[in-house]
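Dear colleague,

I am passing on the structure below, together with notes on what was found in it. Please read the notes with the structure open beside them.

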Amino acid sequence: MKILRILNTLNEIVISTNLDNNFNIYSKLKIAPKLKEVIKQRIYSEKNFEIDVEKLQILIPALNQRIEELLKHSDFNPFKEELRERFPEQYGNEPFVYEGITYYLYNKGREFYIDSLIYNTLFFKELLEEHVKLNKPLKYVYKEIE
Amino acid sequence: MYSFRIIEILGTSETLAPAGGILNIVVQKVVTFGIGKFSAWKGKYTSKQVEDALEDLQVHPEKYGLSEYELAGLVKKISKKFGEIEYEILVYNDRIIWKSLNNSELSQWENSAKLWGGELEFDFNTAGVKGLGQKWTDETFEIFGDRIKSIKVEWKTDPRYPNGESLGYKQFHEAFDETGDEILAIKETLFYQTMEKKGYGVIQDYSLLGKSVVVKLKKK
């Protein structure tokens, strides 16, 4: 299996998955097609690479925009009122406040696939913010595993 | 035999119809499309409405033009025991739900297994009851059998799990920290070893993202 690992600013592996999954996080972002293509080429280059801080700064607002889109998605159940009423511990413990509105995420299962996309996008955005704050590029490490 | 064309014409306003009307429509939809498809229409009906409809379907199958035989294939209720724990298994075509009758901690979670086009997924929180997850896994395989083509499992840290993380997550990370090899780490988990014995030993895909690990297994 061909994979890419992404490191945090402490050089710990925080994301690890195949090349397609790595590109998926960018595929729906509203960024310049040229930038998207460059990232795509690097992801499939089967080599280590970095994304510099300047590009990360462009990606962060695009990730925010993606989160906003997902929050409005027709397959997303934003408040889960009925589920929370029946199973408060299960469905009421992942509140997510965005622009003053509290949404409830449930990051598990195909039924809640939008929740997982929101969770993943949010995690990635925070990872990029951490790199920008410390002025460090985002490091990708390529590996083939059996 | 099922009048699904008529049902399809009805719009979202049916959620405002009297309870009996909704019930009929909901049950017909379940009968026609299977419970698996039903979740795609969430927001339109509450899961309470679906459950009421299914209860009614069990009590009055004749109302829906179903024979006992057909009904048996749609909704089953099985009573079981595990040590002191009494529970019911509800089987709706592509979904299994475990309901504990005498353990309040277990009944706080909607423990379920679902088949999505042959891909099995679980959502268990067995409140630290040793061996129960294994028991429910075995029951899932007894019920779904060969319909299971692949298995997707999600491990994560979560304060609601006993010890704050799922067993799979703990075992994966211990092995990953030691070996630095994702595939090896997956193979070290009890979950993988159990599934391998059942014939699902091929790691089709995986993803590690923050505090969450997703693994897909398929048959050899």
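Lys108(A) is buried, because 21 other C-beta atoms lie within 10 Å, and 20 or more are enough to count as buried. Please keep in mind throughout that this is a predicted model. Lys108(A) belongs to the loop between β5 and α6 of chain A, and, once residues up to four places away in sequence are set aside, the residues it touches are Asp123(B) and Glu154(B). Between the C-alpha atoms of Lys108(A) and Arg5(A), which are 103 residues apart along the chain, the separation is 22 Å.

**Where chain A meets chain B**

The contact between the chains draws 21 residues from chain A and 24 residues from chain B. On the side of chain A that touches chain B, the elements giving two or more residues are β2 (13-18), α5 (88-91) and α6, and of these β2(A) gives the most, with five residues. Divided by class, that side of chain A has five nonpolar, ten polar and six charged residues.

**Strands and hairpins of chain A**

Within its own chain, β2(A) runs antiparallel to β1(A), with five bridges joining the two strands, and here Arg5(A) stands opposite Ser16(A) in β2(A). Strand β1 of chain A (residues 2-7) pairs as well with strand β6 of chain A (residues 138-144), again antiparallel and over five bridges; in this pairing the bridge partner of Lys2(A) is Glu144(A) in β6(A).

The hairpin of β1(A) and β2(A) has five residues between the strands, and Asn11(A) in that hairpin takes a positive phi near 65°, a positive value in a residue other than glycine. Asn11(A), which sits in the loop between β1 and β2 of chain A, is exposed, because the 8 other C-beta atoms within 10 Å fall under the rule that 12 or fewer count as exposed.

A second hairpin is formed by β4(A) and β5(A), with two residues between the strands, and in its turn Glu99(A) has a positive phi of about 50°. The two strands, residues 95-98 for β4 and residues 101-104 for β5, pair in the antiparallel sense over four bridges, and Tyr98(A) stands opposite Ile101(A) in β5(A).

**Helix packing in chain A**

Leu19(A), Asn22(A), Phe23(A) and Tyr26(A) in α1(A) meet Lys36(A), Ile39(A), Lys40(A) and Ile43(A) in α2(A), and by class the contact has five nonpolar, one polar and two charged residues.

**Chain B**

Chain B has nine helices and eight strands, and 31% of its 220 residues count as buried. Of the contacts in chain B with a separation of 6 or more, 42% are between residues 24 or more positions apart.

One residue of chain B deserves a look at its backbone: Ala127(B) has a positive phi of about 50°, although it is not a glycine. Ala127(B) is placed in the loop between β5 (119-123) and α6 (132-144) of chain B, and Ala127(B) is partly exposed, with 19 other C-beta atoms within 10 Å.

With best wishes

Technical notes:
Residues numbered from 1 in each chain as written. Chains lettered and ligands numbered in written order. Predicted model: local features only at pLDDT ≥ 70, side-chain atom pairs only at ≥ 80, totals over all residues. Contact = placed C-beta atoms within 7 Å. Nonpolar A, V, L, I, M, F, W, Y, C, P; charged D, E, K, R; others polar. Pairing = 2+ DSSP bridges.
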